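Work through these exercises with the model open beside you. Try each task before you read its solution.

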There are 2 protein chains.
Amino acid sequence: MPDARRYHRLPTPFRMKRGGTLEHAVLAYETWGKLSAHGDNAVLVLPGLSPGAHAASSDIDPGAGWWEAIIGPGKAIDTGRWYVVCINSLGSCKGSTGPASIDPASGRPYGIRFPELTLEDAANANQCLLHALGIGHLACLVGCSMGGMTALAQMLLHPGCTRAHISISTAPQAQPFAIAIRSLQREAIRLDPNWNNGDYDEARYPEAGMRIARKLGVITYRSALEWSGRFSRIRLDSDTRDAGPFAAEFAVESYLEAHARRFVRTYDPNSYLYLSRASDWFDVAEYGGGSVAAGLRRIRIDDALVIGVDTDILFPVEQQETIAEGLRAAGARVRFTALDSPQGHDAFLVDTERFGSEIGSFLDTLPATGSIADMR
Amino acid sequence: MPDARRYHRLPTPFRMKRGGTLEHAVLAYETWGKLSAHGDNAVLVLPGLSPGAHAASSDIDPGAGWWEAIIGPGKAIDTGRWYVVCINSLGSCKGSTGPASIDPASGRPYGIRFPELTLEDAANANQCLLHALGIGHLACLVGCSMGGMTALAQMLLHPGCTRAHISISTAPQAQPFAIAIRSLQREAIRLDPNWNNGDYDEARYPEAGMRIARKLGVITYRSALEWSGRFSRIRLDSDTRDAGPFAAEFAVESYLEAHARRFVRTYDPNSYLYLSRASDWFDVAEYGGGSVAAGLRRIRIDDALVIGVDTDILFPVEQQETIAEGLRAAGARVRFTALDSPQGHDAFLVDTERFGSEIGSFLDTLPATGSIADMR
């Protein structure tokens with residue numbers, strides 16, 4: 001399989017926010033386009049929980065990326081103009097160091113001996129990579145879903161790291177509904193006897209727990225509205241149905257099943273647990289003396305585009321509005337867009353025509369070269 | 001424990017809609033108030049999936065019922081005026097015959113050898129009980145959630161069974177979002193090795209699966225809005241927290257935990273599976289040549305009150321509106337109320353002040369004696 005991923009060695013030891021260190025950790029990333037001589041045309045894209053760094057195809061890896069419709073020559077994030085970097089989050093399992101990686105101290109996978117992970121750790125790691133790539137200031141930092149929270153952390157911890165920001169379907173802090181959903185996903189994995197306190201292998205993999213976690217994810221990533229139109233009460237053909245008691249018989253059930261099958265065994269359950277909990281923990285209010293608004297006001301950027309989707313039940317559009325207002329109060333020029341895409345939280349992956357149009361027209365307004373104020 | 005339940009023997013064999021029969025099946029029910037000489041003051045209350053027939057306290061059983069605030073002397077459903085009956089659904093496990101009951105043919109619990117169950121079967125069983133109680137026509141048939149679907153079935157299969165109807169947070173057919181949630185709840189139970197194809201006992205009970213099913217239920221019975229106000233990001237005291245990796249640390253997690261603990265081992269997992277699937281199957285459109293509207297138009301009643309809650313994600317308020325419009329098109333006088341209670345689907349159990357006020361003022365408008373047109 002062709003693979004365009006590159007690996008950046010993080011400084012050793014790499015100190016984690018809540019204590020503990022990582023030795024010889026790496027970040028996996030991909031790049032598209034060319035960094036300008038001034039290093040001022042870089043766009044960093046931070047994905048959601050599940051995708052890796054392969055956001056778009058390239059000469060090396062022609063396979064479609066998870067944001068293929070958005071990133072490429074002449075596309076919304078135009079790789080003819082921008083040097084685009086996409087990072088697989090620290091703690092994930094798509095090349096970056098995470099719980100499935102071998103702990104150099106023991107020669108075995110970390111499992112739940114991996115140190116407690118926060119999105120701030122991921123943000124700090126991202127910043128190390130940018131430094132190594134010679135990118136003093138990003139032209140734009142783009143964060144989607146969990147990646148949007150990491151982006152907020154990165155801007156709070158590293159003022160001046162970017163001139164502009166695109167925030168997509170994310171949150172300044174997890175609300176209890178999102179915490180409840182993620183807590184239940186984690187519980188499903190942990191209750192699977194094969195999880196075995198984080199020590200499993202291919203032969204004994206917590207498949208039942210991961211199936212439930214993924215299906216619950218898919219349910220909350222989409223919207224009831226979309227599904228009513230798409231599936232209604234369509235039944236499966238009797239010859240494609242599984243036999244057995246309580247087997248799936250509605251189209252929506254086989255849709256969930258297909259999603260679960262594609263995900264299970266391609267994602268590390270411990271990574272899921274760590275990143276899920278990191279998402280619950282993240283809270284901009286920590287940077288504002290207990291106030292989200294005050295935390296956001298500490299972010300120093302020139303321009304921002306904030307996009308939310310009004311059918312998103314996991315990261316509701318009100319939270320995007322909070323981010324937009326906070327960045328505006330911080331002095332940025334902010335464009336806020338609430339899209340009525342029916343696809344809920346997943347809209348940025350599906351309704352790429354509208355997202356692309358918003359992203360492309362925002363990036364078009366950015367100056368050709370960076371202009372971070374000296375003060376910052 | 002005092003127990004006010006009574007038991008009605010259904011005719012043997014009791015034929016089920018999808019085939020199969022039950023022998024010597026019973027329905028558990030409770031009553032409050034006195035049936036009038038004309039038998040025309042009866043109100044039948046059909047609960048949701050989990051509660052039993054104990055809707056309110058009585059001299060025999062002074063324990064609070066699941067609708068204690070609504071049913072009683074001088075309350076919204078005034079037991080001084082009405083003879084109130086509450087039935088535990090056929091297939092449930094609170095006294096009525098269901099999968100946990102002993103199959104007389106084998107001397108063992110039915111388990112998944114229980115015949116396929118539909119809400120129409122429950123409706124037919126209810127009707128047998130009414131007949132035995134000497135109730136030719138109900139003054140009002142009240143259905144909440146799953147019980148609301150059973151009520152629709154009862155009115156479709158037994159025209160003239162009631163003069164008036166109160167429909168609460170239910171659906172004329174399950175939409176794919178509700179099917180997806182219920183399918184996942186069933187999967188969590190079925191994937192638990194202790195479920196063992198429906199043959200479990202106290203020692204080997206599918207607790208993990210039931211915990212997940214219940215928590216997912218609670219998440220969808222409430223609303224993100226309520227939880228944001230109620231729990232925000234409140235943390236548990238460190239001394240009340242469980243130890244162990246990924247243990248609960250937010251208040252919303254311990255709330256879910258408390259709900260799961262109260263439910264698990266008090267509800268039969270197979271009953272849950274059967275009633276959950278029956279809810280997915282139920283479809284008023286079957287009675288209208290594929291059209292929900294045409295199905296509803298076949299219901300013959302004089303008056304209806306339809307209540308929905310606009311934060312209900314499982315039985316969205318649009319579905320209540322569909323029911324109201326259908327009953328109106330059928331010729332009934334219909335009062336439709338969309339409440340903005342923050343408690344979502346559970347509001348009828350929690351926001352009893354507002355529900356009580358709607359229900360009470362509707363019942364006050366009903367004539368003292370029944371007046372079912374002879375045509376029906």
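**Exercise 1.** Which strands does helix H11 (residues 352-365) of chain B lie across?

Solution. This is a predicted model. Start at H11 of chain B. The helix lies across S9, strand S10 (162-168), S11 and S12 of chain B. Now take the angle: H11(B) runs at about 170° to S11(B).

**Exercise 2.** Describe the sheet of chain B that holds these strands.

Solution. Begin with the order. The open sheet has 8 strands, S1-S4-S8-S5-S9-S10-S11-S12, with mixed pairing. Next, find the edges. Strand S1 (6-9) and strand S12 (333-339) of chain B each pair on one side only. Finally, zoom in on one pair. S11(B) and S12(B) run parallel and are joined by 7 bridges. Ile307(B) has Thr337(B) as its bridge partner in S12(B).

**Exercise 3.** How do H4(A) and helix H3 (residues 176-191) of chain B cross?

Solution. Step one: their axes come within 10 Å and cross at roughly 170°. Step two: an angle over 145 degrees counts as roughly antiparallel, so H4(A) is roughly antiparallel to H3(B). Step three: list the residues. H4(A) brings Ala208(A), Ile212(A), Lys215(A), Leu216(A) and Ile219(A) to the contact. Among those from H3(B) are Ala180(B), Leu184(B) and Glu187(B). Step four: sort by class. This contact has 9 nonpolar, no polar and 2 charged residues.

**Exercise 4.** How many residues of chain A are in contact with chain B?

Solution. 39 residues of chain A are in contact with 39 residues of chain B. On the side of chain A, H3(A) gives the most, with 12 residues. That side divides into 25 nonpolar, 5 polar and 9 charged residues.

Key. Residues are numbered from 1 along each chain as its sequence is written. Chains are lettered from A and ligands numbered from 1 in the order in which they are written. This is a predicted model: local features need pLDDT of at least 70, side-chain atom pairs count only at pLDDT 80 or more; totals for chains, interfaces and linings use all residues. Two residues are in contact if their C-beta atoms, placed from the backbone, lie within 7 Å. Helices (H or I, at least four residues) and strands (E, at least two) are DSSP runs, numbered from the N terminus. Ala, Val, Leu, Ile, Met, Phe, Trp, Tyr, Cys and Pro count as nonpolar, Asp, Glu, Lys and Arg as charged, and the others, Gly among them, as polar. Axes are lines fitted to C-alpha atoms, for helices over the stretch in contact, and angles run from 0 to 180 degrees between N-to-C directions. Angles under 35 degrees count as roughly parallel, over 145 as roughly antiparallel, 65 to 115 as roughly perpendicular and the rest as oblique. Two strands pair if DSSP finds at least two bridges between them.
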